[in-house]
Amino acid sequence: MRIKMFLTIVVVAATLASACVSGTQTNTGKKKKGPNETVRIGFSMDTLKEERWQRDKELVEQRCKEVGAECEVQVANSDDSLQTKQCDNLLTKGVDVLIVAPHNGQIAASIVEAAHRQGVPVISYDRLIRNSDVDLYVSHQVVKIGEMQAQYALKNQPKGNYILIGGSPTDNNALLLRDGQMNILKPAIASGDIKIISDQFAKEWKAEEALRITEDALTKTNNNIQAIVASNDGTAGGAISALPPQLVGKVLVTGQDAALDAVQRIVDGKQTMTIYKPIRPLAFSAVDSALKLARGEPVEAKDKVNNGKLDVPSILQQPIVVDKDNVMQTVIKDGYHKMEDVYKNVPRDQWPKQ
Ligand code: BGC
């Protein structure tokens, strides 16, 4: 009986511990902030290239204002040593917590080490920092996004020649997306229903890389391609620009981000789908958690993602499939894009009714 009770207590304690994080990795040095003290947040970003990152920046800044935190944003323009330097700078200036969207998920582990040496907790933003004691990961369900892209492709194009275009191989998301895509595509590859003509990663998520990969596959097959599983909208755009006019709208093309130009291509019939990832809950959860970590308060994190060193407590948002049939009910209804922007290239009499 006693043993049973003891075990129950252990299990309950372990469950509670797994759901909550309080920055215990960072118990050295830095004094925790009191409830009335201003928290200083450093937000280190890899890039502002894709439209979504501009939203991330604005929403993080907006949330900081709302909750009375100070926020300094640094953008590294895909340069690892610059990102490391910028984080060192933020630490020297005395930030209480770092939010990092890493350019390179491996190299950024040294940022976590530097921060922890000063007792500063680190939140991994959108992209996971690998092999480190990072305190929290906030993102979307990335493997699921890859699965949704592949499921959509397979349902609508169950047979034929496929091109797979991954993102930057230094971005953990690119690898998780490919895992998700393969979870779904493997049986169809094994049965011979689909054939993978090309399976590559686009350096730095570049559209030009996606264009080159697509051109090569078109040449190899004499234009016999049925689907392109592109991992984001930037690479989808590159792939579409490689298609000869007679194939645009015929070849199924996936994407991710619900970027304005991609949603325009969707209503124009040039791109087939994208994945909408609401940025507001992501940015807000990062700032709200940053505040808690800086104050030594527990953060509720229901998910866990292994980063090679530990199961990182994670808060993961839900992605949403968008195609021409639900643009109105998703990105437009949410106010992510305006109807007049999305349907800009479509004659007004063909716009859906509001
Ligand atoms: C993000 C995508 C983005 C890509 C390129 C990924 O890590 O999750 O939303 O399109 O990076 O910046």
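**View 1. Helix α7 lies across strands β7, β8 and β9.** Helix α7, which spans residues 207-221, runs at about 150° to β8, where axes are lines fitted to C-alpha atoms, for helices over the stretch in contact (heavy atoms within 4.5 Å), and angles run from 0 to 180 degrees between N-to-C directions. Helices (H or I, at least four residues) and strands (E, at least two) are DSSP runs, numbered from the N terminus. This is a predicted model, in which local features need pLDDT of at least 70 and side-chain atom pairs count only at pLDDT 80 or more, while totals for chains, interfaces and linings use all residues. Residues are numbered from 1 along each chain as its sequence is written, and side-chain values use heavy atoms, with hydrogens and water left out.

**View 2. Four strands form an open, parallel sheet in the order β8-β7-β9-β10.** Two strands count as paired if DSSP finds at least two bridges between them. The edge strands, β8 (194-201) and β10 (252-253), each pair on one side only. Strand β7 (residues 160-166) is joined to strand β9 (residues 227-230) in the parallel sense by 4 bridges, and Leu 164 has Val 229 in β9 as its bridge partner.

**View 3. Residues around the ligand include Trp 53, Asp 126 and Asn 232.** A residue is listed here if one of its heavy atoms lies within 4 Å of the ligand, and others among them are Glu 50, Arg 52 and Lys 277. In polar contacts (pairs of N or O atoms within 3.5 Å), an oxygen atom of the ligand is 2.8 Å from a side-chain N or O atom of Asp 126, and an oxygen atom of the ligand is 2.9 Å from such an atom of Asn 232. Taken alone, the ligand exposes 310 Å², of which the protein buries 99%, with accessible areas coming from the Shrake-Rupley method with a 1.4 Å probe.

Conventions. Polar contact = N/O pair within 3.5 Å; in protein donor to acceptor, adjacent residues only side chain to side chain.
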